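Subject: Structure handover

Hello,

Here is the structure I promised to pass on. Please open it first, then read my notes beside it.

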Amino acid sequence: MNRQAGSPGAAVLFLLPFAAAFLVFFVGPTFFGLGMSFFDWEMLSGLPPRWVGGGNYLEALQDARFHRSLLVTGLFVFITVPLNLFASLGLAAGVSALPKRQGVYRSLIYLPVLLNITVASLLWRWFYNTKFGLFNKLLQPWGLELPWLTDPALALPSISLMTVWWTSGVSFLILLTAFQQVSPSLYEAAEIDGATGWQKFRFVSLPQIMPVVGFCLLLEVLSSFKVFGQPFLMTGGGPEGATRVAMQYIYETGFSFFRMGYASALSWISFLLIFCVTLLHRIGSGKGRAGK
Amino acid sequence: MLRNKGVWGWLVLALMVSGVFWIWSSPDFRASRKIPLNFWTGFTGPDGERMVDLIREFHRQNPDVEVSLQRIDWGVYYNKLFVAGLGGRSPEVFILHAGMMPRFASAGLMAEMDELLDTQSRAALDDLVPVIRPKLQWEGHQVAWPLDVHMLGLYCNLNLFRKAGWVDAVGHPKIPRNRAEFLEAGAALRKLSTPSREIWGFGIADPNLIALTSCYQFGGRLMSQDLLQPVLDSPENVRGLDFLRELVGKYHVAPPPESNDAWIGFRQGNIGMVMAGIWMLADVKGDHAFDFDVQPLPQLGNQAASFGSTHLMGLAPGLSDESREAGWRLIQFLSAHSLEWAKVGQLPARQSLLSSAEFRSLLPQANLASEIPHLVFTPGIPSLWEVQDEFYRAGEKVLRGTEPASTSLRLAQRKAEAVLERSRNRHSFAQGNR
């Protein structure tokens, strides 16, 4: 046993670079933002920030566009998370059942994750183009021409679909590992009892990987709440604000209109909402475990 | 032995540092050092390539200056420029649109140029087209210099015009000059449609700028004459937006903008006419098989007007005398060479260049010079983005047929009033340049 490696001094030394960066680039700005949210600070004016107390938060309560952006974000989460989870669960189950070449499929399914968000978004914007996009070309034999990104009712689900294609590889990989961790003896016992493939999945695999599914669910909910790049690059928040999510609204408030105080307040409200969802998930998963 | 090696290492390092310092501090080296200038632009297309050529020429004529040209997409350009300015890291020289100048100038991010104006540059100032001159000043001080002037033009697919029989007596395509001709040409082009291929007379290529232009042509504006009140819901603006919608819903000469990328439709030969910025010229000019022309916009409302703007060049505040002088030299060089710049689209801002034989032979850019007196610039107020954003949102709803113009512009007016009210309460600069 190396005594020096276990000493608190060495631990502090090793942690210091990360801790310093964490403090400077995360904790510091977070609390600076909290402080800023109580000020009216319009960088455009060149004037110093002015204390407004809870004024920015009160304004946010009456800001219909912010409410709408939260609603759009909620809808995005509502559409994307189940789709993403089912897709990755189905793919993981399928690939784990393959007798060989699992590695090839694993790589292929994970490949989109490696794409940069700009590349993925621009690629799908072309796919979705009403007049000469790939999807409408495929639908042409049926006489269909869908305005994927230009119809307010279709734009958000279209972005969700792209997000599922782009991100499901992460959950897929985690779930695949979970499937592979299930003891083969459990499947053997189920086979002896005459279980079908579906029954083995439903009564053996699923209960075993449930904590991992919960973890993936939480990851996806959190990342979906923070969605920004896809709608920003594919629709710019349009048509008619149908895809303007909370993060884009905050970005525009802060970095287009330079209302830094108000943008900070909006960020904190969003943070609190995401925090509440995480808390609910924790309480829910805790109850689940206690129930077992 | 090891210790000796360490001593030698330190000695060599000390010698190297002293050597570098000695060379750097020698008068000869300092005299040969070039003045560094960061120059930020949003020219990321073919115009950016032309700018690179101009900078090369500037380097050739000014060997004591080293310009680092940064090309940043317009979508994020102003955010970066503004944040850089607030952080005290502005590029020495930068480009910005006339509509953005009040925002930057009011935040103290643009240096005054009054002291730099000499006899020659004052003469050049007098040479600028009159519509631009007020756009160069903030609170009575010269803070910017124009590179060009740009506007929308009517791009026409001449092949489609000929196929539709929309030609004059000698067979030349008839480019519409007024509303009646425009609608007739649109209807004639529309008739070229076949069951397998739809052809449209007109496409709404840049909905925001076209909405502004349509309103301008019906006498509408974004702000009142004194720049104190938004006038988004004026009857003129309502008429301007209604007319655009009528092109889709009543006259059936334009496809709904939500299901059509008009510029691409135009390039594919499915749309006969589009109104687009002169900056799109490079896109069609490179395609030798595409027979097109660009002419001044037809008068669709009761007056000739087009959205207009200019790329201004500004200097960062707080520069050393040396950098300021070099930056000013670059600005004057680019202004003097704006005829070269015009070859990619944007027109020179100097009257002497506009009337030169070289420019007059530069087609189709020269066609648009007649639009200059009728250009309408966005109002010079710091809160322009917010007010304009409200107008654009309203315009989108009207063009898509979601709301009538009167309803959507009324809401936009209320929102814009709130923006201006906040600006007035908070700032001393609510009023801007006319």
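Start in chain B, at Pro364(B). This proline is found in the loop between helix H16 (357-360) and strand S13 (375-377) of chain B. The peptide bond that joins Leu363(B) to Pro364(B) is cis, with omega about 5°. Keep in mind that this is a predicted model.

Chain A has a cis bond to look at too. It runs from Gly238(A) to Pro239(A), and its omega is near -10°. Where does Pro239(A) lie? It sits in the loop between helix H10 (229-234) and helix H11 (246-256) of chain A.

One more backbone point in chain A. Arg101(A) is not a glycine, yet its phi is positive, at about 60°. This arginine lies in the loop between helix H3 (64-97) and helix H4 (102-110) of chain A. Why pick out such places? Most residues other than glycine have a negative phi, and most peptide bonds are trans.

Now chain A as a whole. It has twelve helices and two strands. Along the sequence, the order is α-β-β-α-α-α-α-α-α-α-α-α-α-α. Its C-alpha atoms fill a box of roughly 75 × 75 × 35 Å, taken along the principal axes.

Next, the domains of chain B. Domain 1 covers 34-149 + 310-376, and domain 2 covers 151-306 + 381-426. Their C-alpha centres lie 28 Å apart.

Then look at where chain A meets chain B. The contact takes 26 residues from chain A and 28 residues from chain B. The buried area here is about 2,600 Å², and carbon and sulfur atoms give 51% of it. How many salt bridges cross between the chains? There are two. Between Glu390(B) and Arg65(A), the side chains meet in a salt bridge at 2.7 Å, N to O.

Over all chains, the structure holds 23 salt bridges. Among them is the pair Arg162(B) and Asp291(B), at 2.9 Å from N to O. Arg162(B) lies in helix H7 (residues 158-163) of chain B, and Asp291(B) lies in the loop between helix H12 (281-285) and strand S10 (292-295) of chain B, so the pair ties together parts that are 129 residues apart in sequence.

Last, a pair of helices in chain B. Two packed helices are described by the angle between their axes and the distance between the axes. Take helix H9 (residues 207-217) and helix H17 (residues 384-399) of chain B. Their axes come within 10 Å and cross at roughly 90°. An angle from 65 to 115 degrees counts as roughly perpendicular, so H9(B) is roughly perpendicular to H17(B). Which residues make the contact? H9(B) brings Pro207(B), Asn208(B), Leu209(B), Ala211(B), Leu212(B) and Cys215(B). H17(B) brings Phe391(B), Tyr392(B) and Leu399(B). Eight of the contact residues are nonpolar, one is polar and none is charged.

That is the tour. Do have a look at each spot yourself.

Best wishes

Notes. Residues numbered from 1 in each chain as written. Chains lettered and ligands numbered in written order. Predicted model: local features only at pLDDT ≥ 70, side-chain atom pairs only at ≥ 80, totals over all residues. Heavy atoms only, no water. Axes fitted to C-alpha atoms, helices over the stretch in contact; angles between N-to-C directions. Helix = DSSP H or I, 4+ residues; strand = E, 2+ residues; numbered from the N terminus. Parallel < 35°, antiparallel > 145°, perpendicular 65-115°, else oblique. Contact = heavy atoms within 4.5 Å. Nonpolar A, V, L, I, M, F, W, Y, C, P; charged D, E, K, R; others polar. Domains from an automatic or database assignment. Buried area = accessible area lost by both parts, 1.4 Å probe. Salt bridge = Lys/Arg side-chain N within 4 Å of Asp/Glu carboxyl O.
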